[in-house]
Amino acid sequence: MSLRIYAIAYLIFLYAPIVLLPIFAFNDGSIIAFPLQGFTTQWFGELATTAALHEAVGNSLTIAVVSALLATCLGMCAARAGTMAEFPGKRGITGFIMLPLVLPEIIVAVSLLVVVVRVMGLSLGNWTIILAHTLICTPFCIAILNGAFQNLDRSMEEAAMDLGQSRWGAFRLVTLPLVAPGIVSSLLISFTISLDEFIIAFFLSGNSPTMPVYIWGLLRFPDKLPVVMALGTILVALSILLLTLAEIMRRRGLARAGLKDTGGFL
Amino acid sequence: MTDLITLQGVNKYYGDYHALRQIDLKIRQGEFFSLLGPSGCGKTTLLRTIAGFEETSSGSLHIDGRDMRGVSANHRPTNMVFQSYAIFPHLSVGENVAFGLRKDPRGKAEKARAVERALEMVGLGGYGGRRAHALSGGQRQRVALARALILEPKVLLLDEPLSALDKKMREQMQVELMRLQRQVGITFILVTHDQEEALVMSDRIAVMFEGEIGQLDDPETLYRRPNSKRVASFIGLMNFLRGRVTEVGAQIEVEVAGLGRCAVPAEQAPAGAAPGDMSIGIRPETLAILFEGETTDRRVVRGMVDEVVYYGDMTYYDVRIEGVEKPLTISMKNLIGRPVLDVGTATRVAWDERSLVLLAG
Amino acid sequence: MRKDSRLSDEERRTIALISVPFVYALLLLALPLGAIVLFSFWTQDFLDIDTAFTLDNYREALSGPIYRTLIGRSLWIAGSVTAVTVILAFPIAYFVSFHVQPSRKSLWLFLITIPFWTSYLIRVFLWKVILGYNGVLNTSLQGVGLIDEPLTFILYNANAVVITLAHAFAPFAILPIFVALEKIDRSLLEASQDLGESKVTTFLRVTLPLAMPGVVAAVLIVFIPTIGDYVTPRLVGGPNGLMIANMIQTQFLRLNNAPLGAALAIIAMICVTVIALAFVWLNRKWLRSR
């Protein structure tokens, strides 16, 4: 019982900052502090008219979509290989691919910065962020897709081949439909990660910032803070929507494979 | 009968592990063939080699006269019933059965009729529209059978198909599989670790140990005249005694520890039996306890009841006999009026030299 | 006996598949990390790089008091964050695994992970709002009458960094522990009680040792990235809460001294690796000695 109380207190701790977001986003005052000043939607209106923000959002969306697609493709290769033959060194290779999961992002950021700017002499842009985001999203995709591929009975594909399908046909007709929910949640999760990532984008963005980099800039101006709150509210709502979708897809995948639910997507 | 499948000198290695050792095997057209052995003996590997899921490291495999080298599973005239059944959970029962018909030139309606016929054949008529993951174990098994048989393969491969079922269901499916095999007339190859299942269902059985075929025979020969100690102990119950061959002729003269001199028919011994030490096997049901007042014209030896296990229809006695290393197990039907003896009872045991088997190894 | 040394088809396909993400990781991770190592042995000469091998960067990084303070503080903060996060997380993981109905477990996990996926920057910033001089916490406490003066030890120092990061990394700590707890066969606990252990001693002698792999994973997955955090110290740390990542950023982007920044990054990584390995080793030793 006392554990349950602790758990609820913990959830309050987890949600405290997020609950504040909409409160200040609709607060009619430019100082982010209590007491509240009254209700307004002007900060949301300001969002709609800020061209620089729109550009940043556009950049972020492009980067997030492309990174999500690339990372999910790479993740599928690794997850699929994970269920296949064992060979010496496979664990090491997989471990190396998963390394960005525990590597401080600043290390990834500075090392890529050095290579792109100093070694290759290229200029930064969205493509550099895409490459880096694909790198850090891939481990998450692998973790999600591993679940999907490992739930799959190996003999399913063999049965399809036994019944006359080629290797590719068996993959397309049996494996793909069964892991499809995993693929969707992998896309959604990596999209969310990329959209939210700051440090790498901060180091690697060229002239046009991504949304988090733009927000970082705003944080220095106190009078812009309510606008940040409004933007944050929208982002949180969007994240929750995407994550709920991802979770629904994951559960549907389990149901389709006739399996019991064993936990979350990490 | 003609040979449908021929394996010659087949070896399979996984790294250093030698999974199949120099397998030579001919499987005939239309027979019910079983690969029997303990887990890890290579029986499933052999089956998967025939199906095309494993490559051989060396040796050749022909099915219906065609060399199968480089022929992948989807192009082989074999179909398989998987141990897990591998019923596609995202498809209905009917779609599962029709899965292999994609390249079939027949029209849609005709295919649907074929699916229904296949389902009827396995006793699932009218199940076509059901979701696959709502089926029971026995029903899944039937769908797997229908799905494989609809393609009219030359060989049906069954990988421990009954191991996931409970005892009653298993016995029912045994009978049904035999009926199906007779009905469609194609070759069935069954992998099992259950010797009873193999004995009941098969025309011929290959007993495998450590990647080798230990003995290949029909069920009766396998049971009556196992060629080695490991085959004898894997199939049914067998008492082992120490013996010494003294003379080999039309009959084989053996000195059996505890039982004395015997003359064993030559076919009860492996080919090339020579004078020297050998193991002697004797089945529990060929021995008999002589109850009070019973007489026999068979040979008799005295002993004492060491252990009694009551099975309802049968009673198993372990009887200690002087000069015999381990107590002999004897199975007796519980006929009306026949008592169940207590441990410690002195008793007489009737036996017969014709039921002795000489064993190599 | 002849060994079959050929690769099977399956092995070839596996290698082909895994080499796609592997080559990507080699090009975008191994290669850049190699470049960083190389740079750390070079020197910056205004706009040019002097490629003569030198240990000067390391000498400067290890002897300069500011760098030593920052590295020491980063390790200290990361260690505190890890301890706080994991200790707070364990009961939650235990609660969800042992006391929540199986059908509702994924709902709880979902609730726990959601805050993690919402804008990191804004979340960190909101802690500044909560902990600030006129922040939510202080005004509430003053409103209730628990304190007269606003608390000042909770913002713009290391405490604020610890609180904020403990919040940010919560799911990272909960999930591995939860997974380890879920794997424990419940009949083991019954067996332990059947053999005379109380609930508490069962927890200490069975549950905890079996959950250790999850705890170790949680510790590593929190500790390692925390060292390199940039946003939190910058926003809520104040001058005495800055960490090594802030200095690395300064060297790279402001002072244009990539070699020194590279040396700092490598020193930080070596510290992390050594501590992580030592932790894993100690834990193994502890588990084995029992």
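**Figure 1. Confidence along chain A of the predicted model.** In this predicted model, confidence within chain A is lowest in helix 11 (residues 225-256), with a mean pLDDT of 81, and highest in helix 3 of chain A, at 94. pLDDT is the predictor's confidence in each residue, on a scale from 0 to 100. Chain A as a whole has a mean pLDDT of 86, and 95% of its residues reach 70 or more. Where pLDDT is low, the predicted coordinates should not be read in detail. Local features need pLDDT of at least 70, side-chain atom pairs count only at pLDDT 80 or more, and totals for chains, interfaces and linings use all residues; side-chain values use heavy atoms, without hydrogens and water. Residues are numbered from 1 along each chain as its sequence is written, while chains are lettered from A and ligands numbered from 1 in the order in which they are written.

**Figure 2. Overall build of chain A.** Chain A contains eleven helices and zero strands. Helices (H or I, at least four residues) and strands (E, at least two) are DSSP runs, numbered from the N terminus. The C-alpha trace of chain A spans about 70 × 60 × 35 Å along its principal axes.

**Figure 3. Helix 3 against helix 8 in chain A.** Helix 3 (residues 51-82) and helix 8 (residues 167-196) of chain A pack at an angle of about 140 degrees, and their axes are 8 Å apart. Axes are lines fitted to C-alpha atoms, for helices over the stretch in contact, and angles run from 0 to 180 degrees between N-to-C directions. Helix 3 and helix 8 of chain A are therefore oblique to each other; angles under 35 degrees count as roughly parallel, over 145 as roughly antiparallel, 65 to 115 as roughly perpendicular and the rest as oblique. Their crossing is right-handed. A crossing is left-handed if the near helix is turned anticlockwise from the far one by less than a right angle, and right-handed if clockwise. The contact residues divide into 13 nonpolar, six polar and one charged. Ala, Val, Leu, Ile, Met, Phe, Trp, Tyr, Cys and Pro count as nonpolar, Asp, Glu, Lys and Arg as charged, and the others, Gly among them, as polar.

**Figure 4. Helix 5 of chain A beside helix 12 of chain C.** The axes of helix 5 (residues 105-119) of chain A and helix 12 (residues 244-254) of chain C come within 11 Å and cross at roughly 15 degrees. The two helices are therefore roughly parallel to each other, and their crossing is left-handed. From chain A, the residues A:I106, A:V110, A:L113 and A:V114 meet C:A245, C:I248, C:F252 and C:L253 of chain C.

Figure 5. For chain C, the UniProt annotation "domain: ABC transmembrane type-1" (unreviewed entry) covers residues 71-281. For chain B, UniProt lists residues 5-235 as "domain: ABC transporter" (unreviewed entry), and this stretch is 34% helix and 27% strand.

Technical notes:
Contact means heavy atoms within 4.5 Å. UniProt positions are given in the numbering used here, feature names are shortened, and annotations may be inferred rather than shown by experiment.
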